[in-house]
Amino acid sequence: MTTPVLGSDPRIRAALRRLDLRVVHRLDGLLHGEHLGLRLGPGSEAAEARLYQPGEDDVRRMDWAVTARTDTPHVRDLVADRELESWTLLDLSASMDFGTGLRLKREVAVGAMVAANLLTQRVGDRFGAHFLHRGVIRRWPARSGNEALLSLLATVAAAPTGDDPDPPPHRAGLADAIDDLGRTRRRRGLRVIVSDFLDTPAFDGEVPWERPMRQVSSRHQVLVVEVIDPRELDLPEVGDVTLRDPVSGMVRDVRLTRSVRERYRAAARAQRERVRDALRGCGVHHLVLRTDRDWVLDIARFVIHQRRTAHRLSRHTPGVAR
C-alpha cells in the first residue's frame, strides 16, 4: 500500500469536510476544556478540586491540602493528557469488503478511523495508523492536522479491494497486527482497533488475538470498534445460493432451509458472544457499528456515554493511559 499524493483531490477534501460536519459538529462542546474526548478515562493532569462523593470517588484522588483547609473531603479529577499519540489499527481484510446494509463494512471502518482521528486531533493528539491489508501489516507515521488526515484517507482509498493475486508466503492475521501495534508503539496513549473479528472461533478453540489485545490494553487505553453486517447475523429465506469465503476463496452451493438458517443464526450469535466476552476479559472499551445503522450517531452516543461516566472510572481501570 503506497501513499499517493492526493491531498489536493477535491473529492477527498469534500469527504473530509462532510465527516467533520457530521462527527465533530455533532459533538461540539464535548471535547474542549474540562470535557473528556475520545480518550475514555482520566489522564494525568489535575483538574479543579471538588467535593468527595462517597461510593463514587476513588479515595486515592483525595486532595488532602484542600480537605485540611476546608475540613470537608475534596478530590481532584484528572483530565485527559494532551499531545499524546493515538494509533488506529484498521483491518482491511477481504471480509471487510462485504456489505448488504447502507454501505460496506470497509466504508464504516474507514469512517470510524477518520472520526477517531478527528476527535483526538481536536484535543491535541497526533494520530498514526497501522493497516492489515491482504495479509501484510503496513504502517503510517503519526502526524497531526487536516493535511495529514487527507493523506491518510488517500492511502486507504488507494488500497485495492478483493483477493491478492500474489499473496505473501506468510499471511499476517489480526493477532499478528495487534501484536505488531503493541511492540512498535510503546508510548502510552489511545489505541483504536477496527475490525469485524470474523476470525474468532464461535465455540471451542483459543481466541487468537486475545493475548496480544490484553498486552496492548495493559499499557494503553484501547477502544475496539467491531463492524458487522446484518447478513452476518441472519440469512434470508431465498432457497439455493452460492456462498464464497472472501478470505480463502472457497465457494459452496447451499440450500438455505429453515434448519440451516437456524443453525447459522445460532453459530453467528455464539461467535459474537465469544468476541464480546474476550474483549471484556481484555479490559477494553467495545463499540459495535453496523452497516445498516447511522454509525455517526452510534459513535456520538458512545462518546456522550463515556463523558457521563468517566468521573466514576478509577485510576486502575484497564486500558486507561496513565
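A cavity is defined on a 1 Å grid over the protein atoms alone, as a set of points where a 1.4 Å probe fits but cannot get out; lining residues have an atom within 4 Å of a point. Grid points are joined across faces, edges and corners, and a volume is the space filled by probe spheres set on the points. This is a predicted model, in which local features need pLDDT of at least 70 and side-chain atom pairs count only at pLDDT 80 or more, while totals for chains, interfaces and linings use all residues. Residues are numbered from 1 along each chain as its sequence is written, and side-chain values use heavy atoms, with hydrogens and water left out.

Three cavities of 30 Å³ or more are present in the structure. The largest cavity has a volume of about 70 Å³. Twelve residues line the largest cavity, and A112, A116, L223, L287 and I299 lie nearest its centre. Helices (H or I, at least four residues) and strands (E, at least two) are DSSP runs, numbered from the N terminus. At least two lining residues come from each of α3 (105–121), β7 (221–228), β10 (285–290) and α8 (295–309); α3 gives the most, with four residues. By class, the lining comprises twelve nonpolar, no polar and no charged residues, where Ala, Val, Leu, Ile, Met, Phe, Trp, Tyr, Cys and Pro count as nonpolar, Asp, Glu, Lys and Arg as charged, and the others, Gly among them, as polar.

F197, although not a glycine, has a positive phi of about 55°. F197 lies in the loop between β6 (190–195) and α6 (210–217) and is buried, with a relative accessible area of 0% (buried means under 20%, exposed over 50%, partly exposed in between, with a 1.4 Å probe and protein chains only). D71 is not a glycine either, and has a positive phi of about 60°. D71 is exposed, with a relative accessible area of 70%.

Key
1 Å grid on protein atoms, 1.4 Å probe; cavity = no way out; pocket = protein on both sides within 12 Å on 5 of 7 lines; lining within 4 Å.
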